[in-house]
Amino acid sequence: MQTKKTYTVQEATRKLEHYCAYQERCHKEVRQKLKTMHMIPEAIDVIIVHLLHHNYLNEARFAKTFVSGKFKIKAWGRRRLTFELKQKDISKVNINQALAEIEESEYIEVFNGLAEKKANSMTEINKHKKKRKLIDYLLYRGWESHLVYEKARELFG
C-alpha cells in the first residue's frame with residue numbers, strides 16, 4: 001500500500017512559492033493544488049495569506065497576464081476571456097481591468113486577421129455552409145456576435 005506524502009506548512013509554503021513563481025496562478029488553482037497535497041483547510045488559509053502577503057499570488061496580475069496571453073496567442077475574444085476568468089473565480093473588477101488593457105484597434109486587427117485567415121483556409125464549397133462554419137468558429141473563440149455577423153456578411157455576402 002502506498003502512503004500519501006504529507007507536508008509541513010513550511011514545506012507546502014515553499015512548494016507553493018515555486019508553483020506561483022513559475023507561472024501566474026489564480027486563488028482557485030492554488031487552493032486546488034493544496035487540496036491535492038492533502039493540506040487541511042486551516043493550513044491552506046495560512047499558506048494563501050502568506051502567498052498574498054509576499055506577492056506570489058495576485059488576482060489582478062493573474063487576470064492581466066491571462067487575458068494578454070490568451071488574446072495574443074490563441075486570439076480569444078472578450079466573451080471567451082470573460083467566461084474563462086469567471087470559471088477561475090476571478091472578480092468582475094479584475095476581469096474588467098484586464099480586458100481594458102486590450103487596445104480597441106489591436107482587438108479589431110486581431111479579429112479581422114483571424115476571420116480572414118480562417119475564411120481563406122476553409123475548403124467548404126457551399127457558400128452558406130462556409131459562412132456558418134466561420135460564424136461558429138469565431139463565436140466559439142469568444143468574439144462578439146455583432147462583429148462576427150458583420151464580418152461574415154462582408155466576406156460572404
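Visitor: Which residues touch the most other members of the largest nonpolar core?
Guide: In this predicted model, the largest nonpolar core holds 29 residues. The elements that give two or more residues to this core are helix 4 (59–74), helix 5 (78–87), helix 6 (92–100), helix 7 (104–121), helix 8 (127–140) and helix 9 (145–156). The members that touch the most others are Val67, Leu81, Leu85, Ile90, Ile102, Leu138 and Trp143.

Visitor: With which residues is Leu138 in contact, leaving aside its neighbours within four places in sequence?
Guide: Leu138 is among the core residues that touch the most other members. Once the neighbours within four places in sequence are left aside, the contacts of Leu138 are Phe111, Leu114, Ala115, Trp143 and Val148.

Visitor: Is the protein more spread out or less spread out than a compact globule?
Guide: The protein is built from nine helices and zero strands. For its 157 residues the globule rule gives 15 Å, whereas the radius of gyration is 21 Å, well over that value. The C-alpha trace spans about 65 × 40 × 20 Å along the principal axes.

Visitor: Is Thr13 buried or exposed?
Guide: Thr13 belongs to helix 1 (residues 9–22), and, not counting residues up to four places away in sequence, Thr13 touches Ile47 and His50. The relative accessibility of Thr13 is 11%, and the cut-off for a buried residue is under 20%, so Thr13 counts as buried.

Visitor: Where is Asn55 found?
Guide: Asn55 has a phi near 60°, which is a positive value in a residue other than glycine. With a relative accessible area of 43%, Asn55 is partly exposed. Its place is the loop between helix 3 (41–53) and helix 4.

Visitor: What is the relative accessible area of Asp89?
Guide: Asp89 lies in the loop between helix 5 and helix 6, and its phi is positive, at about 60°, although Asp89 is not a glycine. Asp89 is classed as exposed, a term that applies over 50%, and its relative accessible area is 52%.

Key:
Residues numbered from 1 in each chain as written. Predicted model: local features only at pLDDT ≥ 70, side-chain atom pairs only at ≥ 80, totals over all residues. Heavy atoms only, no water. Core = buried A, V, L, I, M, F, W, Y, C linked by side-chain atoms within 4.5 Å. Buried < 20%, exposed > 50% of the residue type's maximum accessible area, 1.4 Å probe, protein only. Helix = DSSP H or I, 4+ residues; strand = E, 2+ residues; numbered from the N terminus. Contact = heavy atoms within 4.5 Å. Rg over C-alpha atoms; globule rule 2.2 N^0.38 Å.
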